[in-house]
Amino acid sequence: MKTATRSTSHLRQDPLVRGLGWASALLGVPQVLAPAGFARALGVGDAFRHRSATTAVGVRELAAATGLLARPHPAWLWGRVGGDLMDLTMLTRALKNHNGRGLGRTAAATAAVTAITATDVYAAVTRTRRSTPMELTATATVAQPPDDVYALWSDLQRLPDFMAHLDEVRVTGPRTSHWRASAPFGKTVEWDAETTQDIPGRLIAWQSVDGADIDNAGEVRFVHAPGNRGTEIRVTLRYDLPGGALGKAAARYFGEEPHQQLDDDLRRFKQIAETGEVVRSEGAPGGKRARGEFPQHPARPLTEDELKEALA
Amino acid sequence: MKANCWTGRNSVEVQDVPDPSILNNRDAIVKITSTAICGSDLHLLDGYVPTMEKGDIMGHEFMGEVVEVGPGISDGKLRVGDRVVVPFPIACGACASCRAELYSCCENTNPNAGISEKFFGHPTAGIYGYSHLTGGFAGGQAEYARVVLADANALKIESDLTDEQVLFLSDILPTGYMGADMCDIQEGDVVAVWGAGPVGQFAMDSARVLGAEKVIAIDKEPYRLDMAAAQGYTTINFEDTDVRSALLELTGGRGPDKCIDAVGMEATHGASHVHLYDRAKQAVRSETDRPHALRQAILSCRSGGVVSVIGVYGGVIDKFPAGAWMNRSLTLRTGQCHVHKYMKPLLGLIERGKLDPTRIITHRLPLTEAPTGYDLFKNKKDHCEKVVLKP
């Protein structure tokens, strides 16, 4: 099974990101090559500590330039914001301890850096939000013919049997259904979905309708596996994760790695298709509730309370 | 009920725990009549297998009487009162691996497949009492055990063979047999077996049953070598003999045709500096296994021969002799035993008197003395070869 997130390659064509990249390069080169001159141009003098601080800032700018132009990622934009705050701190100190010569140039540089900071914050915030739509793919091979596998999956009410996050799927019409799922931090999210494509034995695709707590869409393809091995299931899920990158990181911290979740969901589907049910152990009695696997029980029979909870 | 539980590195304890119950439709509950301590339990005891938890019930070699069956088991398949031997890997019988008779690679029975996959690249089957990496299933060193997918796993014993004659069908007898089976033994073959523990002894017996002309046992414990010699096998004590020279001498300079590593990750070595190197690397966790036996088997095997590995390895090893393996056209074959594939044929061999699994039993103890059994077996005290526990 293999999964992949959507790449951040769309940032490569982003004019603002590219502009900031080139701006970093244009600032970084003179800072590294002629730190003394650059420091004088800012009106802060060329004492050794000023020169070395300028070189360090230049190296940072060049790193940001390389990152933004070669492997753009919102992290580089946030890195620039951090760098800007550092620069502003230094310039404020320079303004405070100024001996009067070139004060105007230092003030102008401070104003310029403030403007750059605003641009960087704008770029970082907007580009981070743009990268949060998630796309997950996963695949598994089930030793059953495509028609049977399709039939099992298209019984939507059974999806919660193997999908860890789903609490309930209710069919509400010939092409519509209502979904309820648990989200991190004990929240529940709900949405109505519409089946957008349904080709028996081949494909099921759905899309949440307007007003969903989390906009999402997905498709499952059922492909005949070579050598009579059964069916390759190929799942693609797309959704907008609330809280953006921060929410994603937090979810991951609490053991909700989305790729792993989807892989495990498919594994449980395979178990149902091939053996009739999800196999449980004394150590992981939660069955489909993958989150219950960490931390695990010792591998010994459950107490009456634990058993009641596991069978609930 | 009473069960033997892992309570930390080098410590097991018999504790009172709840009785097992049906968790899946095709489960059965078995009242255990005989269970055994396996060499691979020692890897768990020593803490070399990760993901053990305090309180985990040990044991994957067990048999008994069915006392309860789940609603998903049809009456014809298994009934209350049936006498069964339970194979250690849990197989579903329906996935591609099971259909290819690779039962220990079953794709459906490890609830912690995600963890197993990170260790091994692909997940492996669930195993009773064998860490959470293999599913976190409770083991069989207990008064009762839950058997998963019991209709596809438990082997019914319908003749009047004793427990001791059939108990080892759960693991070590098929494991030893698979070691010899993977060697593809031809008439006139000389087979060398590293390790004269229970699995090694059964690999030797199986090699002979499959037609080997000469069988050589390599170990350092005189009592184990004596046990092999009593069966007519040639012996080498690696403490006082250079193994490769001795093997060349015994085979006219060719080397053994087929080599079986029945040792695995905790091998010891005659040359102390080599042992020290692996021991040190293992201690800082930059190498998980000590592969002396495997290295020696590869270097000793004749060109074009087969090295069959049934000793358990857990992770990554250093200094694997890839040059010898590649340049001399060796075949390396291995696997956790696909027990289900061998149970019935081996039961037939036992019934016909071709194999006598009871010959290796040296100790019989009540379940409550399981910790003593572990101590005897691990430290090779009192000439201990195999311990059978009676609940």
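This tour of a predicted model visits a sheet, a pair of helices and a single helix.

**Stop 1: the sheet.** Select the strands of the open sheet in chain B. There are 6 strands, in the order β12-β11-β10-β13-β14-β15, and they pair in parallel. Now look at the edges. Here stand β12 (234-237) and β15 (331-334) of chain B. Each has a single partner strand, so one of its sides has no neighbour in the sheet. On average, neighbouring strands are turned by 20° against each other, direction ignored.

Zoom in on residues 190-194 and 214-219 of chain B. These are β10 and β11, a parallel pair with 5 bridges. Which residue of β11(B) is the bridge partner of B:Val190? Pick B:Lys214.

**Stop 2: two helices.** Select α6 (residues 172-181) and α7 (residues 198-209) of chain B. Their axes come within 7 Å and cross at roughly 50°. That angle makes α6(B) oblique to α7(B). The crossing is right-handed. Show side chains where the helices touch. On α6(B), the contact residues include B:Ile172, B:Leu173 and B:Tyr177. On α7(B), look for B:Val199, B:Phe202 and B:Ala203, among others.

**Stop 3: one helix, one buried side.** Select α14 (residues 370-378) of chain B. Colour B:Ala370, B:Gly373, B:Tyr374, B:Leu376 and B:Phe377, which are buried. Why do they lie on the same side of α14(B)? They cover an arc of only 165° around the axis. An α-helix has 3.6 residues a turn, so residues three or four places apart point the same way. Finish at B:Lys380, which follows α14(B) and has a positive phi, near 50°.

Methods
Residues are numbered from 1 along each chain as its sequence is written. Chains are lettered from A and ligands numbered from 1 in the order in which they are written. This is a predicted model: local features need pLDDT of at least 70, side-chain atom pairs count only at pLDDT 80 or more; totals for chains, interfaces and linings use all residues. Side-chain values use heavy atoms; hydrogens and water are left out. Two strands pair if DSSP finds at least two bridges between them. Helices (H or I, at least four residues) and strands (E, at least two) are DSSP runs, numbered from the N terminus. Axes are lines fitted to C-alpha atoms, for helices over the stretch in contact, and angles run from 0 to 180 degrees between N-to-C directions. Buried means under 20% relative accessible area, exposed over 50%, partly exposed in between (1.4 Å probe, protein chains only). The arc is that of the directions from the helix axis to the C-beta atoms. Angles under 35 degrees count as roughly parallel, over 145 as roughly antiparallel, 65 to 115 as roughly perpendicular and the rest as oblique. A crossing is left-handed if the near helix is turned anticlockwise from the far one by less than a right angle, and right-handed if clockwise. Contact means heavy atoms within 4.5 Å.
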